[in-house]
Amino acid sequence: MIRRVRKKTLQSREKSICSRDDVARGVVDGTCEDREYAFGWTSLPDDILIAVFSRLNYRDRASLASVCKAWRRLGASPCLWTSLDIRAHSLDSGMASSLSDRCVKLQRLRFRTANAAGVIINLQARELRELIGDGCRDVTDASLVMLAARHAKLESLQLGSDCDRITSEGIKVMALCCPKLSRLRLSGVRDVEADAIQALVKHC
């Protein structure tokens, strides 16, 4: 009698308790009748999903955004795209174009590429405040002026060790275009004339 009662009790427990693995996967198999602990990722609140998205790099965000329409909407949330660090990946025009619809509110960008000006302009990130790049060996006065004209809200511009094609003329025009600029580092620039320094002091 006691054995039969104990056996029935154990069987009922097996039916009513889901395994930890099932809960972790959000999947309940057919033997688990109690669905109290079951959940699906798509049923999580938006703020929790956005917090998860914010901890991922831009490639993983793009992958998750392809899961369903709800995640695509959340993956494009401007709050996820105010800062972008893509130094670990090759930034080219194709990638910039594919990211442009998400970068409308982008404010901080870290990158590594030679053709900096053309690629960054393709991002369509008119709200940029901080721009930090490495390996920008193709940046000239013309491309620097183009960057400054398209991103008048820049507060910090730091370009890597290969900016030897930038002259004082480009710096003077940038000072006129970016009045909020408070930090400037152009590594590799050989000669900076006094009037370029004066332009920065006067306009920025």
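The legends below go with a set of close-up views of a predicted model.

**View 1**
Of its 204 residues, 34% count as buried. As for contacts between residues at least 6 apart in sequence, 58% of them join residues at least 24 apart.

The mean pLDDT of the protein is 78, and 80% of the residues reach at least 70. Which elements mark the two ends of the scale? Helix H9 (residues 168-177) has the highest mean pLDDT, 95, while helix H2 (residues 20-25) has the lowest, 43.

**View 1. The five-stranded sheet.**
Here's the open sheet, with its strands in the order E1-E2-E3-E4-E5 and parallel pairing. Strand E1 (83-85) and strand E5 (183-186) sit at the edges with a single partner strand each, so one side of each has no neighbour in the sheet. On average, neighbouring strands are turned by 10 degrees against each other, ignoring direction.

**View 2. Zooming in on E3 and E4.**
Strand E3 (residues 130-134) runs alongside strand E4 (residues 156-159), and the two pair in the parallel sense over four bridges. To find your place in this pair, look for Gly-133, which stands opposite Leu-159 in E4.

**View 3. The buried residues of H9.**
What does this helix pack against? The buried residues of H9 pack against helix H8 (141-150), E4, E5 and helix H10 (194-203). Those buried residues are Ser-168, Gly-170, Ile-171, Lys-172, Met-174 and Ala-175.

Leu-80 lies in the loop between helix H5 (69-75) and E1. Leaving out residues up to four places away in sequence, Leu-80 touches Ile-50, Phe-53, Ser-54, Arg-61, Leu-74 and Gly-75. Take Arg-61 from that list: Leu-80 is 19 residues away from it in sequence, and the C-alpha to C-alpha distance is 9.2 Å.

**View 4. Cysteines without disulfides.**
A disulfide is a covalent bond between the sulfur atoms of two cysteines. How many turn up in a search of the whole structure? The search finds zero disulfides. For Cys-136, the nearest cysteine sulfur belongs to Cys-163 and is 5.8 Å away, whereas a disulfide needs the two sulfur atoms within 2.5 Å. Cys-136 is buried, with a relative accessible area of 0%. Cys-177 is in no disulfide either, and the nearest cysteine sulfur to it, that of Cys-178, is 6.0 Å away. Cys-177 is partly exposed, with a relative accessible area of 24%.

Conventions. Residues are numbered from 1 along each chain as its sequence is written. This is a predicted model: local features need pLDDT of at least 70, side-chain atom pairs count only at pLDDT 80 or more; totals for chains, interfaces and linings use all residues. Side-chain values use heavy atoms; hydrogens and water are left out. Two strands pair if DSSP finds at least two bridges between them. Axes are lines fitted to C-alpha atoms, for helices over the stretch in contact, and angles run from 0 to 180 degrees between N-to-C directions. pLDDT is the predictor's confidence in each residue, from 0 to 100. Buried means under 20% relative accessible area, exposed over 50%, partly exposed in between (1.4 Å probe, protein chains only). Contact means heavy atoms within 4.5 Å.
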